[in-house]
Amino acid sequence: MRAAGAGVAWMATSRLQLDASFLRGLDAASSDWQGGIGLALYFD
């Protein structure tokens, strides 16, 4: 599999982080596009 991609992370608050990413497949064995979103919470 060969792919290229990028992502961003944003610290919305001191306890909440939001993420988004994408990948583009570069050969026939790879998916054409992949994407993801996520969040991370900090519990004291």
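User: Is D32 buried or exposed in this structure?

Analyst: This is a predicted model. A residue counts as exposed when its relative accessible area is over 50%. D32 has a relative accessible area of 55%, so D32 is exposed.

User: Which residue forms a salt bridge with D32?

Analyst: Side chains of opposite charge can pair when their charged atoms come close. A search of the whole structure finds one salt bridge. In that pair the closest N and O atoms are 3.9 Å apart, and the partner of D32 is R24.

User: How does R24 count by relative accessibility: buried, exposed or partly exposed?

Analyst: Buried means under 20% and exposed means over 50%, with partly exposed in between. R24 stands at 33% relative accessibility, so R24 counts as partly exposed.

User: Where does S30 lie, and is S30 buried or exposed?

Analyst: S30 is in the loop between β2 (16–25) and β3. The relative accessible area of S30 is 8%, and the cut-off for buried is under 20%. Therefore S30 is buried.

User: With which side chain does the side chain of S30 make a polar contact?

Analyst: The side chain of S30 reaches the backbone oxygen of R2 at 2.9 Å, but that atom belongs to the backbone. The side-chain partner, at 2.7 Å, is D27.

User: What is the accessible area of the nonpolar surface patch that includes F43?

Analyst: F43 is placed in the segment after β3 (33–41). With a relative accessible area of 67%, F43 is exposed. F43 forms the patch with W10, L18, L39 and L41, and together they have an accessible area of about 600 Å².

How values were computed: Residues are numbered from 1 along each chain as its sequence is written. This is a predicted model: local features need pLDDT of at least 70, side-chain atom pairs count only at pLDDT 80 or more; totals for chains, interfaces and linings use all residues. Side-chain values use heavy atoms; hydrogens and water are left out. Patches are made of residues with over 30% relative accessible area and no salt bridge: like charges are joined within 9 Å, nonpolar side chains (Val, Leu, Ile, Met, Phe, Trp, Tyr) within 5 Å. Accessible areas come from the Shrake-Rupley method with a 1.4 Å probe; for residues, only the protein chains shown count as cover. A salt bridge is a side-chain nitrogen of Lys or Arg within 4 Å of a carboxyl oxygen of Asp or Glu. Helices (H or I, at least four residues) and strands (E, at least two) are DSSP runs, numbered from the N terminus. Buried means under 20% relative accessible area, exposed over 50%, partly exposed in between (1.4 Å probe, protein chains only). A polar contact is a pair of N or O atoms within 3.5 Å; within protein, one must be able to donate a hydrogen and the other to accept it, and residues adjacent in sequence count only if both atoms are side-chain atoms.
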